[in-house]
Amino acid sequence: MLKVNDIHTFYGKIEALKGISIEVQEGEIVTLIGANGAGKSTTLKTISGQLAPLHGSIEFLGEAISGMPSHAVTAKHVIQVPEGRRIFPQMSVRENLDMGAFLRNDKEGIAEDLEKVLDLFPRLRERLAQKGGTLSGGEQQMLAIARGMMARPKLLMLDEPSMGLAPVIVDVIFETIKRLNEAGTTILLVEQNAAMALQVAHRGYVLETGSVVLQGGGTELLRNEQVRKTYLGEV
Amino acid sequence: MSVEFGIIGQQLVNGLTLGGMYALLALGYTLVYGILLMINFAHAEMFMFGAYVGLFTLQGLSRIEFFTSSGPALLLLYVLTFLIAMVVTGILGVIIERFAYRPLRHAPRLAPLISAIGVSLFLQNAALLWISSRSIPFPVLFEVRTFRIAGANISSMQILIIVTTILLMLVLDTFVSRTRLGRAMRATSQDRDAAGLMGVDINRVIALTFFIGPALGGAAGIFSGMYYGNIKYNMGFIPGIKSFTAAVIGGIGNLRGAMLGGFLLGLLESLAAAYISTGYKDVIAFAILIVVLIFKPGGLLGESVAEKV
Ligand SMILES: Nc1ncnc2c1ncn2[C@@H]1O[C@H](COP(=O)(O)OP(=O)(O)O)[C@@H](O)[C@H]1O
Ligand SMILES: [Mg+2]
């Protein structure tokens, strides 16, 4: 479904991605793990069109999407839920969700999806009229995911959805990711919480300073000695 | 007693008229700042440019006999004049953004600022060289009547300006809060990258912003021409500074704040002129505004500064 082939992305003269290649098949949860600064967010931003790669290609469903502006990538239903949630703070929860469906005009479908995401996160239903900026961190993350789902993603890319959240909420978020995937959404998940990410993922890639250093099945990586030492904090 | 009230009432109406022009011009500063965090120094020239386009349109159209043949036709003439001048000024705004600001979008923040000053100088000098270095009379084609209400003299011109200004503001407010494009504008001003991820074409929103702001500023310029009876190549300078201040007082980036700030500044100025001294009206108005900013640094309706950054 998604084929990222040897992309190099720069911030000015700094080469943040030094030739990354990853693939995501339809129906999968694929995770990118790695330390802070490894290039995980840069990879997602390059796919979503916020950054343009200097070399390399990105294909989605057989179509080249590298170098497209982000609104055009969104139109392909490749949806990124950005790091730090990036809720519109002055807009109500309802308006934030409407923004997720910005490019759609199938009224009934939108209403249907609104019900779906509110069933998924009942806490958002109680807060529909509340300003996004006044929500708690966990609620904002739920809203960010719900907003992403309002675009009917074919590929949903989540950047560190568990960051800064209490363990109970982290469980809710990972549970939701699993449920969304079971209901048919393909997911590319970026996480620093490697243990949880590898538990839900079918496959994973380990990034280090802009390169893929390891890849494999989720459970396979969980058992990998190097992964255990570096990312799961075992001695 | 009634004399006292007459002066206050008079100054309130004068202040609202002046304030309406400031408010319309202030909206352009605040719209652009809200989206790009940039102070568009060339915006004052939209006031001037709109007035000139308005004048030429009015002169051109009034040669067609039909437009001066009856009351309704005259009204149509003015509506057309405003529409054409606003659209043309809006298009100029879009062109300026496209060629003077967009190439500098990722440059250090000082660069677009300097570019804006360059555009401003260019437009002023173009008007000076190609049109005139002197004031040009701005004709009024309808009879201005004066009503005496509770001791105050209120002209039909003032009523026209105040009512039209409020109408334009209502249209803008409705557009921004209720339409899809308006929502895209608000989203872009709150988080540009996130808006892009929602599918908003950021460049289109920025172009739209640079259409609406100058269109409103151009309308304010025509009002100024109609109210004072003449226009000049540098007529944008002082109202530009005042309107920018009005936008800051209201809370820059906040639309209703710009409206409030504009009217407030107009009222303060008029009251200061009547009760204290005409020569010191600007000093007094600005002194009060500085006091406001000391106690509310983010402006009256703005978020606290810490929040914005
Ligand atoms: N806006 C930026 N400007 C310059 N360098 C950046 C910027 N964003 C990220 N980087 C650098 O790019 C590298 C990868 O960053 P990032 O993709 O954010 O890592 P991760 O998401 O894995 O923590 C890091 O070295 C980081 O310092
Ligand atoms: Mg990151």
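Two strands pair if DSSP finds at least two bridges between them. Keep that rule at hand for the exercises below, which explore a predicted model.

**Exercise 1. How many bridges join strand 2 of chain B to strand 3 of chain B, and which residue is the bridge partner of Thr146(B)?**

Solution. Start with the count: strand 2 of chain B and strand 3 (residues 152–155) of chain B are joined by four bridges. Pairing asks for at least two bridges, so these strands qualify, and they run antiparallel. Next, find the partner: Thr146(B) is bridged to Ser155(B) in strand 3 of chain B. Finally, look at the turn. The two strands form a hairpin with two residues between them, and Ala150(B) in the turn has a positive phi of about 50°.

**Exercise 2. What is the strand order of the open sheet in chain A, and which strands are at its edges?**

Solution. The open sheet has four strands in the order 2-1-4-5, with antiparallel pairing. Now go to the two ends of that order: strand 2 (14–24) and strand 5 (63–64) of chain A are the edge strands, each pairing on one side only. Further in, strand 1 (residues 2–11) and strand 4 (residues 55–60) of chain A pair in the antiparallel sense over five bridges.

**Exercise 3. Is the aromatic pair of Tyr78(B) and Phe142(B) stacked or edge-to-face?**

Solution. A search of the whole structure finds seven aromatic pairs over all chains. For Tyr78(B) and Phe142(B), the centres are 5.3 Å apart and the planes are at 80°. Planes over 60 degrees apart count as edge-to-face, so this pair is edge-to-face. Then place the partners: Tyr78(B) is in helix 3 of chain B, while Phe142(B) is in the loop between strand 1 (136–137) and strand 2 (146–149) of chain B, 64 residues apart. As for accessibility, Tyr78(B) counts as buried at 9%, whereas Phe142(B) is partly exposed at 22%.

**Exercise 4. Which parts of chain B does the pair of Phe82(B) and Phe223(B) tie together?**

Solution. Geometry comes first: the pair is tilted, with 5.1 Å centre to centre and 45° between the planes. Phe82(B) lies in helix 3 of chain B and Phe223(B) in helix 8 of chain B, so the pair ties together parts 141 residues apart in sequence. Phe82(B) counts as buried at 12% relative accessibility, and Phe223(B) counts as buried at 0%.

**Exercise 5. Where do the charged end of Arg98(B) and the residue Arg180(B) sit?**

Solution. Take each arginine in turn. The charged end of Arg98(B) sits over the ring of Phe99(B), 5.5 Å from its centre. Arg180(B) lies over the face of Phe102(A), at 4.1 Å from the ring centre.

**Exercise 6. Which residues line the largest cavity, and what are their classes?**

Solution. The search finds one cavity of 30 Å³ or more, with a volume of about 40 Å³. Its lining consists of Asn40(B), Ala42(B), Met46(B), Gly93(B), Ile96(B), Tyr101(B), Phe210(B) and Pro214(B). Sort them by element: helix 3 (71–101) and helix 8 (202–228) of chain B each give two or more residues, and the largest share, three residues, comes from helix 3. Then sort them by class: six are nonpolar, two are polar and none is charged.

Conventions: Residues numbered from 1 in each chain as written. Chains lettered and ligands numbered in written order. Predicted model: local features only at pLDDT ≥ 70, side-chain atom pairs only at ≥ 80, totals over all residues. Heavy atoms only, no water. 1 Å grid on protein atoms, 1.4 Å probe; cavity = no way out; pocket = protein on both sides within 12 Å on 5 of 7 lines; lining within 4 Å. Points joined across faces, edges and corners; volume = space filled by probe spheres on them. Nonpolar A, V, L, I, M, F, W, Y, C, P; charged D, E, K, R; others polar. Phe/Tyr/Trp six-rings, centres within 6.5 Å; stacked < 30°, edge-to-face > 60°. Buried < 20%, exposed > 50% of the residue type's maximum accessible area, 1.4 Å probe, protein only. Lys NZ or Arg CZ within 6 Å of the ring centre and 35° of its normal.
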